[in-house]
Amino acid sequence: MKVFVIAGEPSGDALGGAVMAGLQALAPGVTFQGVGGPLMQAQGLVSQFDMNELSVMGLAEVSPKYRALKRRIAECAEAVIAAQPDVLLTIDSPDFCLRVAKLVKARSDIRTIHYVAPTVWAWRPGRAAKMARHIDHVLALFPFEPPLMQAAGMTCDFVGHPVVAQPVATAAEADAFRAAYGIGDAPLILALPGSRKGEVTRLASRFGGALALLQKSQPDIRVVVPCAGPVADLVRDLTADWPAQPILIAPSDAAAKRAAFRAADVALAASGTVSLELAASNTPMVIAYDMNWLSRQIIGRMLLVDTVTLVNLVSDTRAVPEFIGPDCTSSQIANGLRAVLAAPKAQHTAMALTMDRLGKGGEAPGLRAARSVLSHVR
């Protein structure tokens, strides 16, 4: 069996690595071609080019790179058609992946599967019908997505969210982390300003300002910042003047990052899948986010939901406070942190429900995704 697989950013690389491992377990002899990062390469993929070329987000951010991306889209489509795989498996990064699939479908009958359903429940619902013109089957991360994909004309399986299979720290590891850094019983704030240059640049000063305001009422707070690989140096520079001498965790220290998640009393995080990682560690959170002004204006007018926090959406609650766009100010964020620190247990039920609904305790999502791929292709 031949699979051409494409991922465009680290989260897609993780999904790709897991489904590739599942395919190798269920279909020995499977071969792979395509584009991916280190986790997919560890499963035997030789990437056609550096996946980081595709890691852009937001309408304004994509525009300057459009010509280069368009060239890569054409190159990938040509490679798929030349390879004649049994299936083209595209993973997230719809602005890139779905354009490749469109070109492939226009010139072949190669089966196409897209991993991660478009968030049509949040904005631009017409994307599903448009996607159905060149995607045959969808692998969904959320249990409420299959009916939406099926209504648009595609088959779709809920395969579980990868967060339920990720390791989390124990209480003992959390205690050891606090002891190692001399934190003791002091309030520990986990700060997560993002993994992309644009969002870190926009959020770091606001996060730092919120922590400074919080420190006025709680002078003993400590702050820990796990650094994402692509922006580690930037995070180090932009947090240098934060209060409480932030503890910076290197991108390579996954164990310390897990321990920090578990040890924290509250997290201040950029919007995204990190809210699910926090829920897996049972860590209460405050979500804050802003984006390029143009992207904010366009996307803000198209949103169909009143929350962008995945824990709120999956649990069908509004337990997690969020400060988005014009509300993403240091003063409002600081008030949110104070409220959560005062009543942290209010989020625990919502976080537990979220994990259950995403497949916790069931078969690993990568293996479920592989079964779905094989079932569709065969």
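1. Contact here means heavy atoms within 4.5 Å. Setting aside neighbours within four places in sequence, Tyr-115 touches Leu-15, Val-19, Leu-89, Thr-90, Ile-91, Asp-92, Leu-139, Leu-141, Val-159, Pro-365 and Ala-369.

2. A word on the source: this is a predicted model, where local features need pLDDT of at least 70 and side-chain atom pairs count only at pLDDT 80 or more, while totals for chains, interfaces and linings use all residues. Residues are numbered from 1 along each chain as its sequence is written, and side-chain values use heavy atoms, with hydrogens and water left out.

3. Tyr-115 and Phe-96 have the most contacts inside the largest nonpolar core, which has 97 residues. Such a core is a set of buried Ala, Val, Leu, Ile, Met, Phe, Trp, Tyr and Cys residues joined through side-chain atoms within 4.5 Å; buried is under 20% relative accessible area, exposed over 50%, partly exposed in between (1.4 Å probe, protein chains only). Helix H4 (residues 66–83) supplies the largest share of this core, seven residues.

4. Apart from that core lies another, of 29 residues, including Ala-204, Cys-227, Val-266 and Ile-333.

5. Among the buried residues of H17 are Pro-365, Ala-369, Val-373 and Val-377. The buried residues of H17 pack against helix H1 (10–26) and strands S3 (87–91), S4 (111–115), S5 (137–140) and S6 (155–158).

Methods
Helix = DSSP H or I, 4+ residues; strand = E, 2+ residues; numbered from the N terminus.
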